[in-house]
Every structure is written in C-alpha cells, then in structure tokens.
Amino acid sequence: MDFLIREARKSDAKQILDLIKELADFENELHKVEVTVKDLQKDGFDKDPAFKCFVAENKTSIAGIAIVFNRYSTWKGKILHLEDLVVREKYRGHGLGTLLLDEVVKYAKQHNMKRINWEVLDWNEPAITFYEKKGAKVLRDWDVVQLNEQGINDYLAKI
C-alpha cells in the first residue's frame, strides 16, 4: 500500500473528525466527542493554531492521523504532546502507525523538543506493546488528572 505522510490541511478537517470519532467509538466514548469540523478548522489551521496534525493519505482518503501540540516541562523545557495517533482499522498492520509516529518524532527533533508525552489506556495492550517496541516508556505510576468544563466552572464558582 502506498501512503503519503504529510501535514494536514484545513480541507482535511472532516476526515480528521471521522478518525477522531472512530477512536472514540473504539474507546466506548463516542458520545463524548464535542469537537466539530469548524472547531478543527479554526483551532488547527487559523492564526496561532492550537495543534498540528499529520495524516497518512492514500489516493482516495486519509487512513491515519497523529495530532500533536506544544507543552512545557518545568524540569525539561519544551516538550511535545501526542494527543492521538489513529489508524483506521482496515489499514492497521501495514506500518501506518509507525510512519505517523516517525513523523512525530522527526518533528519533535526538528523543534528541539526534550521529550514527547502521550497517554494510552491501560487496557489497550496492542497500543502499549506497539509503543514499548518503539522504545517508549509507559509510566504506570502516574495518574492523569483533569478538570473538565463543568469542573472548571465549579472550581471558579468556589473562589
């Protein structure tokens, strides 16, 4: 299979959202996807983008995505956060995940990032195995902490 790995374009937003929804469905969280095509177009491709996206494209469609954004570590300096790496189910096993991760790592190196961070669900053993084979260390002694939109509002109501 011939695939081109490239930076996403604004016109890719619909297919990017389709892949986000495919991942959410796999994680039994489809009902939690709130982002829209317009959000992706604005947040990723207008002035001062909030994220960068790489796509794996064949002649007819986008088969995979990797979405990243910049973070900062008070201990290390500039780091890159890999929000999602998704390959459509019918294209898995063809090396697209590796090609996308390769692009993310090259991008991090080009931008002098000190580290790349991402999360993986503890039950997603195929993904954990994939990342560990690539040399990533899965930190099982850290918990993810979040304040969702309602939590932010509740927090602010108390101060």
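A hairpin of 4 residues connects β2 to β3. The model is predicted, so to speak of local features pLDDT of at least 70 is needed, and side-chain atom pairs count only at pLDDT 80 or more, while totals for chains, interfaces and linings use all residues. Residues are numbered from 1 along each chain as its sequence is written, and side-chain values use heavy atoms, without hydrogens and water.

**Exercise 1.** Determine how β3 pairs with β2 and with β4.

Solution. 
1. Strands are DSSP runs of E with at least two residues, helices runs of H or I with at least four, numbered from the N terminus; two strands pair if DSSP finds at least two bridges between them.
2. β2 and β3 are antiparallel, with 6 bridges; Lys-52 lies opposite Val-68 in β3.
3. β3 and β4 (residues 77-87) are also antiparallel, with 10 bridges, and Ile-65 has Val-86 in β4 as its bridge partner.
4. A hairpin of 3 residues leads from β3 to β4.

**Exercise 2.** Describe the second largest pocket and its lining.

Solution. 
1. On a 1 Å grid over the protein atoms alone, a pocket is an open set of points where a 1.4 Å probe fits, with protein on both sides within 12 Å along at least five of seven lines; lining residues have an atom within 4 Å of a point.
2. The volume, the space filled by probe spheres set on the points, is about 180 Å³.
3. Of 14 lining residues, Pro-49, Phe-51, Lys-52, Val-68 and Tyr-107 are closest to the centre.
4. α2 (37-45), β2 (52-57) and β3 (62-73) each supply at least two lining residues; β3 gives the most, 3.

Terms used:
Ala, Val, Leu, Ile, Met, Phe, Trp, Tyr, Cys and Pro count as nonpolar, Asp, Glu, Lys and Arg as charged, and the others, Gly among them, as polar.
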